[in-house]
Amino acid sequence: MKTLKLNRLALAIIAAILVSISVTGCEKDDVTPKPPAGAVHIVDQRLVGKWMWTNSSDGAYYDNNGVYQGSAYGLAKQYNIGADGYGSCYSHLYSTIGAGTYIEVNISSQGFFESDNQGHLGYFPTSGTYKSTSGENRPLRADELWNTQTNSGKSDLVQKLVITKVGGRDCFQVTATNGTVDTFFKVP
């Protein structure tokens with residue numbers, strides 16, 4: 001009984017960490033694009049299209065009978081970038097850590113992208129939804145969105161963006177301040 005309660009507590013803590021990582025984004029240097037009023041958002045045309053990043057745990061989850069159930073957790077992010085800078089972002093995370101437990105969170109948003117020639121890319125969500133297997137299904141709150149009136153709020157900013165090829169596939173890579181390199185592959 002105590003083990004089951006500890007497993008659920010551990011799952012709740014891990015789920016909270018995964019959700020906070022997904023919701024907070026990759027905030028980097030203070031790079032706030034300020035396009036002229038009524039202008040199309042500036043985005044490198046090589047970034048136009050659909051891009052996906054994924055990550056999952058090295059650890060696996062097995063049920064009580066020793067049957068493989070999959071990775072213990074997984075994360076994915078997909079950007080859809082339009083030529084005018086408008087687009088969307090879809091974030092997905094799941095965790096199967098703990099006996100008989102499973103949590104999944106899906107965050108879909110629409111907004112705009114901005115890039116510059118110094119390797120910065122920003123995504124600024126202006127509307128969206130949050131859904132989870134815990135029963136939460138709601139619009140994104142104001143603190144989870146970019147406010148176009150005040151030019152402040154939630155944004156997903158990356159730096160050191162390099163457009164390249166990996167294994168013959170188009171991709172862009174971003175480097176975090178701690179040196180971690182994430183690769184977003186272009187998908188059809």
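Modeller: A residue is called buried under 20% relative accessible area, exposed over 50%, and partly exposed in between (1.4 Å probe, protein chains only). This is a predicted model, in which local features need pLDDT of at least 70, side-chain atom pairs count only at pLDDT 80 or more, and totals for chains, interfaces and linings use all residues. Residues are numbered from 1 along each chain as its sequence is written, and side-chain values use heavy atoms, with hydrogens and water left out.

Colleague: Is Asn151 buried, exposed or partly exposed?

Modeller: Asn151 lies in the loop between strand S9 (146-147) and strand S10 (152-153), strands being DSSP runs of E with at least two residues, numbered from the N terminus. Asn151 has a positive phi of about 55° although it is not a glycine. Because its relative accessible area is 27%, Asn151 is partly exposed.

Colleague: Which loop residue has 47% relative accessibility?

Modeller: The loop between strand S11 (156-158) and strand S12 (162-166) holds Lys160, whose phi is positive, about 55°, although it is not a glycine. Most residues other than glycine have a negative phi. The residue that counts as partly exposed at 47% is Lys160.

Colleague: What is the bridge partner of Gly49 in S4?

Modeller: Two strands pair if DSSP finds at least two bridges between them. S1 and S4 run antiparallel and are joined by eight bridges. In S4, the partner of Gly49 is Ile81.

Colleague: Which residue in S14 stands opposite Met52?

Modeller: S1 also pairs with strand S14 (residues 181-187), in the antiparallel sense, over three bridges. Opposite Met52 stands Phe185.

Note on methods. Helices (H or I, at least four residues) and strands (E, at least two) are DSSP runs, numbered from the N terminus.
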